[in-house]
Amino acid sequence: MTDAASRDGAGRDGAIDAAELRCRTQELLAARPVADTDRTDFLRARFDAGLAWVHYPEGLGGLGAPRSLQTVVDTELEAAGAPDNDPRRIGIGLGMAAPTILGFGTEEQKRRFLRPLWVGEEVWCQLFSEPGAGSDLAALGTRAVRDDAGDWMVNGQKVWTSSAHVARWAILIARTDPDVPKHRGITYFVCDMSDPGVEVRPLRQITGEAEFNEVFLTGVRIPDAHRLGEVGDGWRVAQTTLMNERFSIGGMRIPREGGMIGPVAKTWRERPDLRTHDLHQRLLKLWVEAEVARLTGERLRQQLVAGQPGPEASGMKLAFARLNQEISGLEVELLGEEGLSYDDWTMRRPDFVDFTGRDAGYRYLRAKGNSIEGGTSEVLLNIVAERVLGLPSEPRTDKDVAWKDLAR
Amino acid sequence: MTTQSATPDLLYSEEEEALRDAVRGLLSDHCDPAGVIARTESGAPHDREAWKALAEGMGLAGLLVPEARGGQGATHREAAVVLEELGRAVAPVPYLTSAVVATEALLACDADDLLAELASGRRIGALAVALNVAPSAAYKAVRYEGGALHGELTGIADAVAADVLLVPAGDGGLYAVDTQAVTVTPQVSLDLTRPVAKVVFDAATARRVGDAEPAVRRALRAGAGLLASEQLGLAEWCLTETVRYLKERKQFNRPVGGFQALKHRLAQLWLETVGARAAARNAADALATGSTDTDVAVALAQAYAAPVAVHAAEEALQLHAGIGMTWEHPVHLYLKRAKADSLAYGTAGNHREALAGLVDLQAP
């Protein structure tokens, strides 16, 4: 237990409020002055003080405080000019690996993995999708076979893996029992990306760059101590990961014109020569829809803060995907002759993805992925129809068949 | 970039939820679909009993009026919740026209006796401006001469239920006129539950209550903003009722609601209602707090919610198929209200045009 968490004070009765968090943040800043503390040292100290993610348990970077109070700490630290952990670079670790490790990991796994994950010393990636398992992720075929010592040998191919080329660890789901129906024969692992059996190849996409990778796993050894959850329970564990993925894609707070509509509105204002009546009508419609989507996100955020999460989150990603595509398409058209150009087709590997970055052509092409990544819009519409509206599910022919007997 | 005021409160408070429950309970006793359909064919399209229970029984006609001026001292947020429920029941009561639009006009005037009467629900008021006029659009005025009003106005919503009309005149004044002093002729209306009427002023005795321009602008803006909540309620009924029906209705040996083509349409509609709720709450909150962003919030709410309500009603009809086309099934009441609402206080297009100026996205 850390000094901050064990000492006398507000921690004693279990109630951490904003004032207490402000106080602890100031103590951290006093103990580790920003000006003469190394970035990594500061972030480690912040983690140890329970100020990394305040809703996590004590000893694991948090204080068991309400999640909504995180902004108190972030605001104080930002004002003091403290370094952050560059969340864009480690989004998969923060958004997907961490909640899964917290929910299903052993004490030893939590202590080993969470600190370097949050500090950013160890980057994480996600080995889920496969060429033959996209929307039907549970059909995945990467095999994990147990040896006499109880450890695992993994063979297979994963795809659409961002950060694989810089990652130290991966969250991995693999088939451990092909003789039972697909959802029941999957197990969840932490995979060491430095294993010699891991080969990472860049996957060039329609924008010209390679945000993602293909990952080939050939005889990769995983000790049983790196299994998350029970053998055969991997699908349930993965639900935690995927829920967090959809939330992190759809749940961000943005100011008015903060999204894809921003660049096109700016161009409209600065370039009266490009305006036409048709584009004006379409722009206004999209501006309205973008602003309403922003308010819907804001309403969702307010519901979460008030402790009343609604089902709206599943809809946010659908709305943003469609809007990003329509707005960026309009922008290319608005630019006229300039819309015929593209900034650069050179193959490169971006450190992080900015949907609203680069030029209009890039934005248009990149937005095509928004209705595919993290659940296709078609699957999300099914989820809304079935889980929110309670409509009957699709007739299924795959639920009671052993994985090895499925059509492929 | 346009300026924004403080973050709006887009949720419902506990008190607002309690108010919703009370209104919904009352309407389920008074405004069942079969009863509403039957009433549209009677000579008296408005439900006086439901109005009395809402206005006098629950005091809801005075929500927007301060206590010192004879009202309940609540805000647009509460009135919006009432309108959601009235929309859900497609209730034939003059709440939007009297307790919101006419009341807002009087709040800008100097006629507190009349304001208090409207707030109590004992009298019903209507602004004598055609229902389709947008908040910043031109409206027709009648002639004021010799201490009386002369002329004719059409498209006046709920005029047949009103006791008093607030009439803009050519001299720039807003005049209160008893409906007994004029001739009100019902027009055959698209919307059976909010009928419009023609009003003829033949030397009608009138009392000047204030200046027309600020009163009319204020009234139409509040009407447009809160209409979004009614549209949300309409859309929600259409979605909920269609989902319920498609779970029950079987064809091809399956519930029809299990077909993916229909599921996706309903999911899409759900998404639209979620957006309409955010937009409607944003407008109600802006009106309630007097936000500097109110003009944008109102225009945004109408530009978004009006087409959503129409889409919801059209989808409800199509997905109910044959039964939805009958006079007996209530979906036509919702379609007619939603379509008329899409013209009320300006079309979505009018409001987008307003936004072009408000957020600096100017036309070519």
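1. Conventions. Residues are numbered from 1 along each chain as its sequence is written, and chains are lettered from A and ligands numbered from 1 in the order in which they are written. As the model is predicted, local features need pLDDT of at least 70 and side-chain atom pairs count only at pLDDT 80 or more, while totals for chains, interfaces and linings use all residues.

2. Interface. Chain A gives 37 residues to the contact and chain B gives 36 residues (contact: C-beta atoms, placed from the backbone, within 7 Å). On the side of chain A that touches chain B, two or more residues each come from helix 8 (261-270), helix 9 (277-305), helix 10 (313-334) and helix 12 (377-388) of chain A. Helices (H or I, at least four residues) and strands (E, at least two) are DSSP runs, numbered from the N terminus. Helix 9 of chain A supplies the largest share of this side, 16 residues.

3. Sheet in chain B. Four strands form an open sheet in the order 2-3-7-6 (chain B), with antiparallel pairing; strands pair if DSSP finds at least two bridges between them. Strand 2 (143-145) and strand 6 (183-186) of chain B are at the edges with a single partner strand each, so one side of each has no neighbour in the sheet.

4. Strand pair. Strand 6 of chain B and strand 7 (residues 196-205) of chain B run antiparallel and are joined by four bridges. Thr185(B) stands opposite Lys198(B) in strand 7 of chain B.

5. Domains. Chain A comprises domain 1 (17-84), domain 2 (124-232) and domain 3 (251-375), with bounds from an automatic or database domain assignment. The C-alpha centres of domain 1 and domain 3 of chain A are 33 Å apart.

Conventions. Contact = placed C-beta atoms within 7 Å.
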